[in-house]
Structure formats: structure tokens, C-alpha cells
Amino acid sequence: MSNGGEASGLGEKMYELASRLYPICRSITGEGVRRSLEIIKELIPLEIKEVATGTKVFDWTVPNEWNLEEAWIKDASGNKIVDVSRHNLHILNYSAPFSGTVSLEQLKPHIYTIPEQPDLIPYRTSYYEEKWGFCMSHTQFAQLEEGEYEVLITSSLKPGALTYGEYYLPGRSKQEFLLSTHICHPSLANDNLSGMSLMTYLATLLRGQNHRYSYRFLFIPGTIGSITWLATNELHLTNIVGGLVTSLVGDGAPFHFKKTPDGGTELDKVVELVLNESPLKHEILDFVPYGYDERQFCSPGINLDMGCLSRSTYGSFPEYHTSADNLNFIKAQHLRESLEVMQRIVEVWELNATYINTNPKCEPQMGKRGLYAAIGGASDKEILQMGMLWVLHQSNGCRSLIDISKRAGIPFDVIVKASNLLLAGQLLKSTESS
Amino acid sequence: MSNGGEASGLGEKMYELASRLYPICRSITGEGVRRSLEIIKELIPLEIKEVATGTKVFDWTVPNEWNLEEAWIKDASGNKIVDVSRHNLHILNYSAPFSGTVSLEQLKPHIYTIPEQPDLIPYRTSYYEEKWGFCMSHTQFAQLEEGEYEVLITSSLKPGALTYGEYYLPGRSKQEFLLSTHICHPSLANDNLSGMSLMTYLATLLRGQNHRYSYRFLFIPGTIGSITWLATNELHLTNIVGGLVTSLVGDGAPFHFKKTPDGGTELDKVVELVLNESPLKHEILDFVPYGYDERQFCSPGINLDMGCLSRSTYGSFPEYHTSADNLNFIKAQHLRESLEVMQRIVEVWELNATYINTNPKCEPQMGKRGLYAAIGGASDKEILQMGMLWVLHQSNGCRSLIDISKRAGIPFDVIVKASNLLLAGQLLKSTESS
Amino acid sequence: MSNGGEASGLGEKMYELASRLYPICRSITGEGVRRSLEIIKELIPLEIKEVATGTKVFDWTVPNEWNLEEAWIKDASGNKIVDVSRHNLHILNYSAPFSGTVSLEQLKPHIYTIPEQPDLIPYRTSYYEEKWGFCMSHTQFAQLEEGEYEVLITSSLKPGALTYGEYYLPGRSKQEFLLSTHICHPSLANDNLSGMSLMTYLATLLRGQNHRYSYRFLFIPGTIGSITWLATNELHLTNIVGGLVTSLVGDGAPFHFKKTPDGGTELDKVVELVLNESPLKHEILDFVPYGYDERQFCSPGINLDMGCLSRSTYGSFPEYHTSADNLNFIKAQHLRESLEVMQRIVEVWELNATYINTNPKCEPQMGKRGLYAAIGGASDKEILQMGMLWVLHQSNGCRSLIDISKRAGIPFDVIVKASNLLLAGQLLKSTESS
């Protein structure tokens with residue numbers, strides 16, 4: 001994490017991308033998603049894919065596409081008391097179309113508020129039950145007067161497609177690391193513009209590099225998006241050796257890593273190592289079958305070794321799913337920190353090799369191979385020598401460098417340095433066939 | 001455990017059964033055992049079985065049958081200073097017959113007392129060494145005067161049989177749960193009339209119900225009885241998937257559960273769950289190869305997953321094996337509590353199924369199956385929904401509902417309710433072939 | 001450890017052997033090693049073996065043999081300011097020959113001192129880089145005056161052999177326990193004369209006894225010696241079921257046991273049991289791939305279950321590798337204590353059998369076999385009876401008596417006594433084929 005000045009510029013760029021995406025009215029399908037993905041495509045060569053309405057995806061079916069033109073309520077005086085053009089959250093997401101004049105009593109069941117947070121507009125959806133509705137602050141709702149209200153919702157729910165973005169960055173190996181973020185929330189900044197921005201900029205950084213692993217980035221609507229992607233890519237899943245779902249990475253809360261169901265996979269080890277060595281606070285959480293799309297990626301019949309990385313956690317902060325999760329709630333600095341943590345996760349994932357000691361019978365003679373000379377001047381000479389002895393002792397083709405680092409109580413970077421010296425001295429060989 | 005009023009009546013009935021059995025002079029064989037089993041047979045359709053003296057049972061042999069008519073000591077004045085008709089503990093159990101006049105010095109080696117508890121009559125046996133003797137309070141013993149004593153023991157030790165009772169209650173599966181209590185102690189209330197009463201009334205309650213498992217109740221003499229039953233039923237043992245030995249369940253001590261040798265079997269999990277959720281105090285004890293008939297059931301060549309449930313523990317209370325373990329020492333309330341715990345153990349044992357998720361690829365769509373509606377009104381809606389997600393995630397055919405309850409940190413009954421909803425929605429299937 | 005008086009005599013003898021060996025100038029090869037082994041051969045029938053210079057031993061090659069006749073430095077006045085005949089540590093071990101007159105400036109790079117311990121002569125070696133040099137106290141070094149110095153080192157580095165001693169003590173089984181100590185240090189008492197003395201006297205004590213296991217004692221130069229022995233005995237290693245490297249056993253520090261890499265082998269269990277029951281202080285250390293010859297014996301391609309037993313540990317005490325590690329630093333009493341611990345380790349190793357219960361179906365009838373009578377009078381009757389029940393319950397051919405002792409919470413010696421009673425009653429059989 002040495003890219004100080006540049007990284008600070010990156011934070012600003014990440015924030016800027018979030019700002020551009022903020023005004024778009026997104027949902028799990030529709031034009032808002034397409035427009036958002038086009039913006040991301042300006043930065044990375046995203047493939048934008050469409051899966052037709054009605055496609056069977058495991059237990060689910062791709063729904064009708066939803067698009068919205070206009071939505072407002074006028075009071076008896078003809079004032080637009082609510083208008084989605086002022087805030088995307090005003091519309092019940094996936095609302096059916098409606099046009100008519102209703103009494104206050106008839107209107108009320110169609111209005112969603114948060115009495116406990118009276119000044120905030122809630123975010124509500126109704127994907128699988130067809131109904132119409134609006135969201136507003138409870139303060140405004142409480143002041144609505146008796147009388148007639150004119151309501152217009154010119155939305156459409158028609159056969160179309162579910163749209164998502166995918167970017168595949170090939171590495172030396174076909175084994176791949178999967179990164180996924182949801183893109184379906186309209187005008188919510190931390191949940192999920194922060195994740196879209198993080199994934200986009202991580203991709204820009206990895207793009208120019210030579211990688212051991214392949215990386216796949218998914219920008220998908222929540223739940224139905226991951227289910228659709230998994231169902232249409234099922235034969236391909238065996239290449240995936242780890243991955244992360246990410247969102248809520250723009251606020252200043254400590255990092256939270258939700259482990260895989262197994263809890264002891266390489267993914268868990270890598271992320272825990274990165275968070276443990278970071279000066280930023282963090283907490284490690286056990287898997288629960290609730291949350292973001294790790295619910296699908298980690299479902300028992302899919303069973304990928306994936307976790308979820310966030311700062312605040314799903315549903316746990318007061319701004320969650322309200323109009324307070326806006327562009328003031330996220331900061332360039334926090335986005336940059338999250339990017340740096342993700343970069344380091346990728347770096348450690350790449351470095352965490354598993355080797356075989358080519359000279360396992362007694363210790364090799366280091367001196368004749370110049371290995372003592374190689375470390376002679378190093379300030380960390382003694383720990384590096386211990387690192388070499390540990391790597392030789394433990395490298396049986398099963399234990400990774402993280403495993404060895406833990407057993408030896410020696411920092412991972414020293415173990416990596418030691419293994420590189422031993423590789424140069426031909427005392428280690430790779431377990432990979434390539 | 002909702003049968004409040006009725007259960008309170010049950011406690012009285014359990015106490016009454018113990019009271020009827022108390023005066024009978026029992027031993028490991030003989031008429032006392034037969035008469036006791038006949039009384040139990042009035043309540044449940046017990047099979048009373050006889051195994052002939054001399055039958056080889058593993059390393060042991062069924063001994064001669066012992067019966068006693070009369071046993072007393074008269075002092076020089078002709079007063080019966082000890083008479084078994086006053087208390088069954090006065091006779092050394094399995095005493096050889098004797099008739100004669102002896103000096104105090106000759107008598108003394110045949111008298112057993114407890115100097116530390118001078119007012120109590122001890123319970124002593126001599127099954128495998130033929131000798132005659134009496135038990136009395138140390139206070140009385142200390143006051144015996146020099147002189148001649150007339151002694152009469154009209155006992156018989158002759159080929160006959162070992163008698164035990166067995167009640168088999170078939171369930172939907174041949175897999176069975178084995179319940180065993182010893183019946184050989186004469187006029188000792190907690191050890192073992194409480195166990196006989198508990199087993200009898202548990203059987204009356206289970207009798208009318210439809211069960212997943214079969215239940216087998218054994219009323220057997222200690223040690224030689226379990227060895228005899230195991231030796232004569234060896235081919236049948238593979239059906240036994242768990243069980244409990246029980247005694248000492250009429251006093252007010254906290255419950256004690258002695259685990260199986262393995263310590264992590266389904267039996268252990270079920271009993272620990274029941275005791276942990278009970279408001280009554282309890283303690284979990286590791287297996288030791290000493291105690292009641294679990295010594296035989298858990299011996300390495302038999303190896304059943306059985307534990308021992310009691311309130312006080314084997315040999316650990318001052319009334320143990322003395323005349324103080326009488327009908328005042330046990331209470332209807334304690335017997336009822338023990339019965340309720342046993343009923344709940346059976347209930348959890350029945351409910352603790354292991355399922356397979358029929359839709360393991362991504363989450364199933366709960367809504368279209370009416371599962372969200374099904375829980376919509378429940379006060380525990382949120383935890384029930386989490387329970388459904390956990391049951392779906394964990395049900396791979398290996399993990400039981402108790403395992404899932406523990407991993408999820410959700411009460412067992414909620415997990416059961418969740419699994420029933422999922423079964424109704426055909427999202428789970430049973431691992432059982434039936 | 002009951003050989004009080006005699007053992008005290010043994011401590012004096014052990015110290016005496018160390019004293020005889022102290023003045024000899026040893027190295028990893030040469031006449032000093034041969035002379036030292038000849039002295040040990042007076043006490044045990046040691047085989048003295050030679051492996052020729054140039055022999056390939058895994059990644060290494062047996063080096064030229066080093067011998068030294070004379071080595072001194074004279075000042076301008078012709079005074080011998082340093083003379084190896086005064087202290088063997090004065091010569092850089094394996095120093096190349098040299099003869100000439102040099103200035104102080106030219107001399108200085110060839111002199112080794114310890115500035116932090118200015119009064120001590122350090123021990124330095126240069127086995128694999130050919131150079132000449134001397135060691136002296138820093139105090140003396142600091143007082144060296146400008147001027148010419150005459151230097152003479154009449155050493156030879158020529159093809160010869162690496163010499164080591166081996167003593168094989170056959171037991172009833174071919175399975176063997178390997179004991180190894182290094183012998184290459186000149187005039188250092190704790191490191192390693194204490195180890196040589198301990199191994200020698202342990203061999204004298206075991207020699208007269210009838211053993212279950214075979215014992216092999218190696219007296220070898222450090223690193224190259226163990227590598228040479230392993231490379232030339234590779235086919236034989238499968239017989240080795242455990243072993244210890246030992247040195248630093250003459251000082252008064254607490255015992256330190258460095259475990260095997262696995263950490264849970266029989267060797268670990270035995271040594272931990274012995275140290276735990278000893279009144280002397282001790283510490284158990286995890287394996288690290290650094291230290292003495294366990295580095296080679298435990299290297300992944302060799303993989304013997306060996307640990308290292310010492311009092312002070314490798315490199316951790318101020319006298320380490322200096323002239324202060326002399327005959328005042330070790331004590332007869334400490335050597336004797338170390339011998340007693342080693343004897344007990346061998347004793348427990350021998351006793352730690354694994355049996356099979358011959359009567360696993362229910363408990364055997366102890367009474368008819370006289371086993372209750374056998375323990376009737378014992379003061380430890382109750383615990384011995386529990387020991388018998390535990391041994392019967394646990395003896396499935398996999399669990400050793402130490403395993404059973406730990407599970408039962410019963411002292412090892414009681415478990416051994418119980419198992420001997422059961423063996424006599426034919427209730428156990430050995431798992432060994434012999």
C-alpha cells in the first residue's frame with residue numbers, strides 16, 4: 001500500500017464516479033441499470049449482458065423489466081407534494097403504473113414512511129408482488145390534509161431483460177478470483193455506489209498487471225442477479241477458487257469481513273491476514289446465511305469459497321436504506337482506504353503460493369548456493385534466515401506461505417522474501433503445473 | 001412440558017408405585033423380583049422373562065436363585081433383636097442359610113454396620129461369595145451384650161432363574177432407544193424404586209403415541225442383569241441408536257447426566273440440550289467406567305451410545321445404600337420433574353431429524369411457495385426466517401437439527417418449526433428410507 | 001528414580017568423564033574426535049566409524065580432515081601472547097595453516113573477540129570458508145601494541161575422514177530409540193561434554209538390562225555428522241520410532257524439552273509425562289527448525305519423531321560458546337539429575353505399551369480371576385480398581401497407557417500396575433507380534 005499520492009487522487013475519482021451514478025433511477029432491471037453500466041464502461045472494458053425476461057434460473061424466473069417515466073402526487077391545490085424527479089427514493093421500486101384521483105384514506109396504504117426517523121425517505125421495493133406506492137418522510141406524511149389527491153405513475157412492467165456487467169481479466173492460470181457487487185439500488189451512496197466504484201477502480205489498477213490468477217468482476221442486481229449469473233454460468237464455476245462480495249465501503253466504520261461458511265479457506269486466511277496487518281480497525285464475523293449475494297454464492301449447491309467485505313454491515317446503521325445514505329455519507333478518503341485494502345488482498349492472494357522443498361532430506365547447504373551471502377547485508381538477516389528454514393521445513397506441497405507465516409510467527413512478507421530466495425536457489429519448486 | 005395439572009397427579013402416582021414396591025425383599029434373583037415386576041405389569045404390558053441358573057453370559061454365569069423366608073437373631077432372653085420382617089436391609093443380601101446358637105464373639109464378624117452413621121442400617125450384599133450375615137445400626141451393635149445368641153436364616157440358594165422385565169414399544173422405525181433401570185435393591189427408595197417408577201410411567205405416557213423410533217424398557221437386576229440381557233440379545237443390538245440408564249431420580253438434587261464414552265453422540269447432544277433449556281439445575285459429567293449398568297452397555301465390545309441420567313449421583317450422598325434412603329427421601333414433585341425431563345428427552349430425540357435441502361443451488365424463492373406468508377403473522381417472524389435460511393444452508397444429510405440450532409444460535413424449537421415449514425414447502429426431504 | 005546413593009556416585013563419574021575430555025582439541029573431524037571416542041570406549045563398547053573425505057552425503061560432502069599441531073602469536077619481544085596449548089578456543093576452529101610476520105593492522109582482521117564480554121575467549125569456526133584466525137579476550141585485544149607479530153599455525157586440511165561413534169544395544173524388538181549428541185566442540189563443558197557424558201553413562205546403565213526396544217547411541221559431530229549418518233543409514237531409518245538429541249545437560253537451569261514438529265507423538269507424550277511428574281522445573285517448547293541436530297533428524301524428508309532435551313537452551317545463556325562454558329559451569333549434581341530424567345524417559349518409553357482387551361463384551365468377572373483379592377490389601381486399592389476399569393475400557397489396540405492415564409486422570413504408574421494385573425489375569429493381550 002505504497003501508492004500514497006496517487007491513491008489519494010484515486011479516492012477523489014472513486015467519489016466522482018459515485019456522484020455521477022447517484023442521480024440515476026436504478027432497479028433490478030431496466031434502463032437505469034444500462035445507463036449506469038455504460039458509465040462504468042468508460043473506465044473498464046465491461047461486457048454488458050442481457051438475460052431475457054422469463055428465463056428460468058434455478059428456482060427463480062427472470063422478471064419483467066421495469067422502467068419509470070414519471071411519478072408524482074398532486075394535492076387538491078395542484079401542488080406536486082411528491083415527485084420522483086426530486087428524489088428517486090420517492091417511488092416504491094418496481095411500482096405498478098397508476099393514474100387516478102384518490103382520497104387521503106385511499107392514498108395512505110400506498111405511502112411508506114419511517115416513523116422512527118421522521119425526516120428520512122425510506123427505500124422500499126416490491127419486486128415480486130405487483131402494487132403501486134410512494135415513499136416519503138413521516139413528517140410530510142403526518143401533515144397530509146384530508147381531500148382529493150391526483151396520482152400518476154407512468155411505469156412499465158413488460159418482458160425485456162435483466163442487465164448486468166461482467167469484466168474478465170485473464171491471468172496465467174485459469175483459476176479465478178470472483179469479485180461481485182450489487183448495482184440495483186437507486187440514489188443510495190454507501191449501499192451500493194461505493195461498491196460499484198471500488199470494483200471499477202480495482203479493475204483499472206489490476207488491468208495493467210501480470211497476474212497469477214484470473215479475476216472476474218460482476219456488477220449485478222442483488223439476489224436475482226447473482227442467481228441468474230450462477231444459473232447461466234454453472235459449468236464454469238469450478239475455476240473459481242475464492243472471491244468477495246463487496247458493498248458499504250465508503251463510510252468510515254471499521255472494516256468487517258464475513259467469513260466463508262467453512263471459515264478456514266484460503267480466502268479467509270488472506271483477508272484475515274490483510275486486516276490484521278492493517279492499522280485500520282476491523283472485525284471478523286462468522287458466516288450467516290443472510291446478507292448480500294454471498295447468500296447465493298455460498299449456498300450449499302454452489303458452495304464457492306466467498307466472503308463479504310464491507311465497512312458498516314448490512315442493515316446495521318441508521319442511514320441504511322434511507323435518503324440519508326447520500327453523497328454526504330461517503331468520503332473519498334474512506335473509498336481510497338477500502339481500495340487499498342482490496343489491493344492488498346489481491347496482492348497477498350497472488351503471493352500466497354504453496355511450494356515443495358526439492359531437498360527435503362536434511363537441510364540443504366545454504367552456503368554453497370550463495371544464500372547466506374544473499375542475506376548477509378539484510379537488516380532482517382536473522383529473521384530472514386529463520387524464514388528460509390521454516391519455508392524449507394514446511395513446504396510439502398500442502399501448506400501455503402500464510403500457513404507457514406502463522407506457524408513460524410514470522411511476518412508474511414518475510415516469508416515471501418525467504419521463499420523467493422529459496423526459489424532462486426532452486427530449493428523450492430511450485431505446486432502449479434503451468 | 002405443558003402438562004401441569006395432570007403431571008402433578010402423575011408425581012403422586014409415581015410415588016404411590018414406589019410405596020407399593022418398597023416393602024418387597026428384592027435381590028438380583030428370586031421371588032421379590034417376580035412380585036415387583038407383576039405390580040409393574042398392572043400398569044404396562046411387561047414381558048417377564050427368566051434365564052436359567054447356570055446360563056453362560058459372556059464372562060459370567062447366571063447364579064443360583066436366592067429366596068428368603070425368615071431371618072432373625074434372638075438374644076439370651078429370647079427377644080428378636082434383629083428381624084428381617086421389620087426391615088429388609090437387616091439381612092446380608094444373598095446370605096447363605098444358617099441356624100444355630102453363637103457367642104457374641106462368634107456373631108460379630110457376621111454383623112455389618114456403619115460406625116460413621118451409627119443410627120442407620122447399611123445395605124450389604126454377597127452375591128459371589130457364600131456367607132451369612134446381618135446388617136444393623138452401629139448404635140444397636142455397640143450395645144450388644146456378652147452371651148449366647150440364637151440365629152436363624154431360612155434362605156435358599158438353588159438353581160432357578162434370573163428374572164427381568166422387558167417392554168418393547170414399536171415405532172415407525174426399527175431403530176430403537178433403550179431405557180434401562182436396575183430393580184435389585186430391596187427397600188431403598190431413591191436407589192432404585194425411583195428409577196422403576198420413572199420408567200413405568202414414561203412407558204405409560206409413550207404407549208399411546210405414534211413414534212418415529214421404537215422404545216425398549218428394561219427392568220433388570222444390576223450388573224448381572226444387563227450382562228445377561230446383552231449376552232442373550234447380542235444380534236439385536238445394532239438396532240439400538242441411543243439410550244439411557246436411569247436411577248436416583250426421586251431426590252431433590254440437581255440433575256446429573258453422565259455422557260457416553262465418546263461424549264459427542266446424538267444422545268449427548270439431546271440430553272445436554274434438554275438440561276440446558278430446563279430451569280432446573282444440572283451438571284454434565286464425563287464418562288467413567290464405573291457406576292450403574294452403563295458400565296456394561298458402554299463396554300468396548302458392546303459400545304452402545306448410552307449415558308446415565310440421575311439427580312444425586314452414584315454413591316455420593318449420605319443416604320446412599322442405607323436405611324435413610326427410604327420413602328421420606330423421595331418426593332412426588334421430584335419424581336414428576338424427572339418424568340418431565342425424560343419426556344422432553346424423548347420428544348427432542350424424536351424431533352432431531354436430519355434433512356436434505358432439495359433446492360441447494362442458490363436460495364429457493366420462498367415467496368412463491370407461500371413461506372413468507374406462512375410466517376407473516378408470527379411474533380417470532382424474523383428469527384423463524386433466519387431459522388429457515390439456516391436449515392436450508394446446513395441440511396446436507398449429515399447435520400441434525402440440534403447441530404443446526406447450535407451453529408445458528410437459534411433455539412431448537414424455532415429450528416424445528418422452520419424445518420416443518422420447509423418440509424411442507426417440499427424444500428427438505430428426509431434422510432430416512434422409510 | 002530410586003537409585004539415590006549410587007546415582008550420586010554416578011554424577012561424580014559423569015563429571016570426571018567430562019573433565020578427561022575437556023582438554024582435547026576437538027573439531028568436526030580429526031584426531032581430537034578419535035581420542036575422545038577412545039576414552040568413551042573405555043566405558044561402553046563403542047564402534048568408531050570413519051567416512052572418507054569427499055563422500056557425498058545428501059546435499060553435502062564430507063570435508064577435508066583438520067588437524068592442528070601448534071598455533072601461537074608472538075609479539076615483537078618474542079612473548080607468546082596467544083598459544084592454543086593454553087586454551088583450545090584460541091584457534092579459529094578449522095583454521096588454515098599460516099606462518100609469517102604481520103603488522104598489527106594485518107593481524108587484526110584475523111582476531112575474534114566479544115566486545116560485550118571482554119574477559120571471555122569466544123568459540124569461532126570456519127568449516128566451509130578457508131581462512132586463518134585466532135580468538136582472544138577483548139581486553140587483551142584492546143591492549144595489543146603497534147608492531148610486528150610472528151604468527152604460526154601448523155594445521156593441516158587434507159583428505160582423511162569424518163569420525164563418529166555408535167553404540168547399538170539390541171532389545172526384544174527391532175524398533176529402536178535413537179539418542180544423539182554432538183561431540184565437535186573443543187573445551188566447552190556444557191556444550192557438549194555434558195551431553196557426551198550423559199549418553200555414555202545412560203548407555204552403561206541400560207546395557208545390563210533386558211529391553212523391549214533397541215537403543216542406538218550416536219556420538220557425532222554437529223550438522224555434518226548427523227547428515228553423514230542419516231545419508232549412510234537411510235534404509236535403516238524405518239526402525240526408529242522415537243529419539244532425543246541431547247546437550248546442555250550439566251548446568252542448573254530448568255529442563256527444556258523441544259517437541260517434535262508434529263508435537264503429539266509418543267516421544268512428546270513420554271517426555272512431557274516425565275517432566276510433569278518430576279519435582280524439577282521444566283518448560284516445553286514448540287519445534288522450530290533451528291537448534292541442534294534435530295534440525296536434520298526432523299527435516300521433512302527424514303521425519304523422525306525426535307525432540308531435544310536440554311537444561312539451558314541453544315544460544316540462550318551468557319556462557320554459551322565462550323571460555324566461561326568450562327568445568328566450573330557444570331556440576332555433578334546437575335549431570336546426575338539429567339541422567340535420572342533420561343533413565344525415567346527410557347523407563348516410561350518401555351512401559352508405555354498398547355494393549356487389547358481380550359474380554360471386551362461387558363466387564364469381565366474380576367472376582368473369579370482373583371483380581372479383587374490381588375488388590376485387596378493395597379493402600380491404593382480404589383484407584384487401582386478404577387485403573388483396571390479404565391485400562392479395560394480403553395485398551396482397543398490404539399491407545400497407549402499414557403493416553404489412558406491422561407483420560408482417566410490416574411497416575412501413569414498406577415495404570416501400569418493395573419495393566420500388569422490384567423495381563424496376569426489374561427484380560428489384556430499385547431499389540432506386538434513378537
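These notebook entries record what I looked up in a predicted model.

**Conventions**

I number residues from 1 along each chain as its sequence is written, and I letter chains from A and number ligands from 1 in the order in which they are written.

**Entry 1: chain A against chain B**

I began with the contacts (heavy atoms within 4.5 Å). Here 19 residues of chain A are in contact with 17 residues of chain B. The buried area (accessible area, 1.4 Å probe, that two parts lose on being put together, summed over both) is about 1,700 Å² between these chains, and carbon and sulfur atoms give 55% of it. On the side of chain A, Asp59(A), Pro289(A) and Pro300(A) lose the most area to chain B, together 36% of what that side buries.

I then looked up the charged pairs. I took a salt bridge as a side-chain nitrogen of Lys or Arg within 4 Å of a carboxyl oxygen of Asp or Glu. Four salt bridges join chain A and chain B. For polar contacts (N or O atoms within 3.5 Å; within protein, one able to donate a hydrogen and the other to accept it, with residues adjacent in sequence counted only if both atoms are side-chain atoms), I noted twelve residue pairs between chain A and chain B, both residues at pLDDT 80 or more. Helix H6 (224–232) and helix H8 (294–297) of chain A are the elements that give two or more residues to the side touching chain B; helices (H or I, at least four residues) and strands (E, at least two) are DSSP runs, numbered from the N terminus.

Asp59(A) also forms a salt bridge with Arg369(B), with the closest N and O atoms 2.4 Å apart. A further salt bridge links Glu363(B) and Arg295(A) at 2.6 Å, N to O. This pair crosses between chains: Glu363(B) is in the loop between strand S17 (354–357) and helix H10 (371–376) of chain B, and Arg295(A) is in helix H8 of chain A. Both residues are buried, where buried means under 20% relative accessible area, exposed over 50% and partly exposed in between (1.4 Å probe, protein chains only).

**Entry 2: salt bridges within chains**

In chain B, Arg34(B) pairs with Glu50(B), the closest N and O atoms being 2.8 Å apart. Arg34(B) lies in helix H2 (residues 31–41) and Glu50(B) in strand S1 (residues 47–52), so the pair ties together parts that are 16 residues apart in sequence. Arg34(B) is buried at 17% relative accessible area, whereas Glu50(B) is partly exposed at 41%.

In chain A, a network of salt bridges links Glu31(A), Arg34(A), Glu50(A) and Glu65(A).

In chain C, Arg336(C) and Glu340(C) form a salt bridge with N and O atoms 3.8 Å apart at the closest. Both lie in helix H9 (residues 332–351), four residues apart, about one turn of the helix. Arg336(C) is partly exposed at 22%, and Glu340(C) is buried at 15%.

**Entry 3: Ser95(B)**

I found Ser95(B) in the loop between strand S5 (80–83) and strand S6 (98–103) of chain B. Ser95(B) is buried, with a relative accessible area of 0%. A polar atom of its side chain lies 3.3 Å from the backbone nitrogen of Gly133(B). Residues touching Ser95(B) include Trp66(B), Trp132(B) and Ile153(B).

Notes. This is a predicted model: local features need pLDDT of at least 70, side-chain atom pairs count only at pLDDT 80 or more; totals for chains, interfaces and linings use all residues. Side-chain values use heavy atoms; hydrogens and water are left out. Lists of a residue's contacts leave out its neighbours within four places in sequence.
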